[in-house]
Amino acid sequence: MSSAIVGAASAIGGAVTAATSNSWFIPMLMAAVAYFQYEEIIDPESKPSDIGGDEILDHYDFIVIGAGSAGAVVANRLTEVENWNVLLLEAGGDETELTDVPLMAGYLQLSKIDWQYKTEPSGTSCLGELEEIPPKYIPLLKHFPKSTAMQGGRCNWPRGKVLGGSSVLNYMLYLRGSKHDYDNWESMGNPSWSYRDALYYFKKSEDNTNQYLANTPYHATGGYLTVGEAPYHTPLAASFVEAGVEMGYENRDLNGEKMTGFMIAQGTTRRGSRCSTSKAFLRPARLRPNLHISMNSHVTRIMIDPVTKLAFGVEFVKDQKLYHVRANKEVVLSGGSVNSPQLLMLSGVGPRKELAKHRIPLIKELSVGENLQDHIGLGGLTFLVNQPVSIVENRFHTMSTVLQYAVFGQGPLTILGGVEGLAYVNTKYANSSLDWPDIEFHFVSGSTNSDGGAQLRKAHGLTDAFYRAVFEPINNRDAWSIIPMLLRPRSVGSIRLRSGNPFDYPYIFPNYLTDDLDMKTLIEGVKIAVALSRTKAMQRFGSRISNIRWPGCEKVPLFTDAFWECMVRRYTSTIYHPVGTCKMGPYWDKDAVVDAKLRVYGIRGLRVIDASIMPKLVSANTNAPVIMIAEKGSDMIKEFWIKNTIV
C-alpha cells in the first residue's frame, strides 16, 4: 500500500506535502478525488447530464419537483415504465468532489448547495445577543439572562439545493425509527402505512454491506442504496458501545427487532464515500431516454386550473428564462418540508388568511405549512480526553490522509461527519416496556473545537464571542461529544410565506422547546450522556466534561436542571429533520393536506412525496424514512396509472 501511495503522490504533485499552511488541504483533496475517481460515460456512477432549455419538451407524463432524498427515488422508479416520460426539476446543480467525503460534511453547510435557511427568533431556543435580535422579539427573552450563543437568535437550517438534496448535506446516518412510529401513522387513519408496510420499502432500497445484518429479516442486499459502516474508526467508537453495555444497554442493530441500545453507526456510504440519493438512484438511470433532468431550475408555481382543480403543469425559471411545461398525468411535489409548503401556498393551496395576506388567489384551503416538527439536541456538550484518540482536523491535514481516501476509500476521512456511534436510551419519562425510547445519542469523536474554529462554529451559527469564550481555549484539543436528541418533540411550529415572491425565503417558526416536557426530557438525556462519560470504558481515556462556563450560564448552579436548561436554550442544535408541513391524514382530519395515497385533497393530478407528509416525526434520523416514503409513493403512482390505463 505504501508504494501505491508514494506513486500516487507523485502523480498529483507530492511537493504539496511541504506546505506549511493547511490552506492547501481542501483543494488538494478535491483534486485527488477528481483524479483517482474519474468517471467515464459508461460508468454506472457517472454524473447525470443537465438538459438544455431548448431540449425541454412542452409536456411530460410526470413532472417531479425537487431532485432530493425523495424526488431522485421517484424519478428513478417512474422511468422504470418505459413509455412514461419524466421531467425532474432541481433548483441546484450537481454534487462536487467534496460532497463525497464523509468527514467533510460540515463544510457543505452555508455553501452554494445549501439553501441556507434560518429560523425566526423565538426567545426559547438558539438564544443570541440582545443587540442582534430584532426589537419585537426582545420581550420574549425576559426570563433568560443575556446570552452570546447564536447569531441573531436564529438557528441555521441547512437544506440541500443540489441533486440528492439533503442526502448530500447530511451526516449519512441510516436509522429507520420504531415500529410504533409507523403503526401510529396507520392508527391515525392512514391505511397501509404500518411498520410491516414500511419495512418492505426500507428493504427494497437497501444494499447492506454488513453480511451479518444482511442475513437478518430486517435488511436486504441488491437495492440501489448502499448502507454500511465507515471503514475507519477511532478507539473511542468501541469504547462508546462498551460504555452503553456497562450502563445496562445492549449492543444491537438499532434498525432490527428491538430499538433500545447502542451500535457503531451505519450510514449511506459506498466504498468509503457518501452514497446520496443522486448517486444511488439518479446515476444508474441517467441514460434512460425517458428521463430528463433539468438543474438550476427554480419552480415558481404549480399551474392549477381554479375551476376544475386540476394540476396541469409547472412554471419554472432556468437561465433567466421562464418556462411553462404541462403534465399529462401528475405533478409530484418533492421539495421537502420547507419548499413544498411554500410552493403549494404560492400556487393557491393553503390557509385562506395566509394567502389573502399576500394577495394569492385561493384555489383550495388546506392547513399547508402547519404541523412542523423537528429533532433538536444540545450542541457543544464536550468531554476532554488525555490521549490522541479523537478527530482533530489539523492532525489529518496530511498527504497520506488525502491519498488513503482518494485511492483506497479508507482512513479518517471516511467517518460519517465525525459521528461514530448511535444509541437509543430511555429517560424517566419513557415507558421502557414499550421499547420506544425518547432520546437518541449521536456520539461524535470530536467536538465544536476540533477544527480550530474553521467551519463548525459557522455551520452551527455560533457568535464569535460565544466561540471565543467556550471553545477557543480548547481549540484542537482531543475531545469527544454527545448530542442528545429529543426523539418525539411535542412542540410544533409552522412555515409562513414572507411574500408572494417565489424567490423570497419563507418564515420558519419551529417553536422549539415551547412545551415544558420537551425541555424536561432533553435535560434527562443530557444527564445520561454525562453518566456515560463516567463509565470505566470512557474513563480509560480520562474523559472529563469541559469546565468552561458558558456565557449567560455563569451564575446558574453547576449540573442542576437549570444549568442544563441554560445550555440547551443557547446551543440549541437542530439535527436537520423538519417534517410534517403537508400532513398525511384522513379526510376528517382538519389539518391533513394529503390522503394516504399522498394525493393533495381537492386537487387532481397533484401528490406530495417527501418528509412533509409525515403526520408525526419518526423516532430516528429522517433520510431513510424519506427514501421509504418515496419508494412507497412511487408504487402508489404506478398502481393507479397502470391499473387505469387501457391497453
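Trainee: Is the crossing of α2 and α11 left-handed or right-handed?

Mentor: In this predicted model, helix α2 covers residues 25-36 and helix α11 covers residues 399-408, and the two pack with their axes 9 Å apart. The handedness of the crossing of α2 and α11 is right-handed.

Trainee: Why does α2 count as roughly parallel to α11?

Mentor: The two helices pack at an angle of about 30°. Angles under 35 degrees count as roughly parallel, and therefore the relation of α2 to α11 is roughly parallel.

Trainee: How many nonpolar residues does the contact of α2 with α11 have?

Mentor: From α2 the contact draws on Phe25, Met28, Leu29, Ala32, Val33 and Phe36, while α11 contributes Met399, Val402, Leu403, Tyr405, Ala406 and Val407. By class, this contact has no polar and no charged residues, and its count of nonpolar residues is 12.

Trainee: Turning to the sheet, which are its edge strands?

Mentor: The sheet is open, with 3 strands in mixed pairing, and their order is β5-β6-β8. An edge strand here pairs on one side only, which is the case for the strands at 206-208 and 266-267, namely β5 and β8.

Trainee: Which residue of β6 does Asn208 stand opposite?

Mentor: Strand β6 spans residues 225-229 and runs parallel to β5, the two being joined by 3 bridges. Opposite Asn208, the residue in β6 is Val227.

Trainee: What angle does the direction of helix α5 make with that of β5?

Mentor: Helix α5, made of residues 195-205, packs on the sheet and touches both β5 and β6. Between the direction of α5 and that of β5, the angle is about 65°.

Methods: Residues numbered from 1 in each chain as written. Predicted model: local features only at pLDDT ≥ 70, side-chain atom pairs only at ≥ 80, totals over all residues. Heavy atoms only, no water. Pairing = 2+ DSSP bridges. Helix = DSSP H or I, 4+ residues; strand = E, 2+ residues; numbered from the N terminus. Contact = heavy atoms within 4.5 Å. Axes fitted to C-alpha atoms, helices over the stretch in contact; angles between N-to-C directions. Parallel < 35°, antiparallel > 145°, perpendicular 65-115°, else oblique. Left-handed = near helix turned anticlockwise from the far one by under 90°. Nonpolar A, V, L, I, M, F, W, Y, C, P; charged D, E, K, R; others polar.
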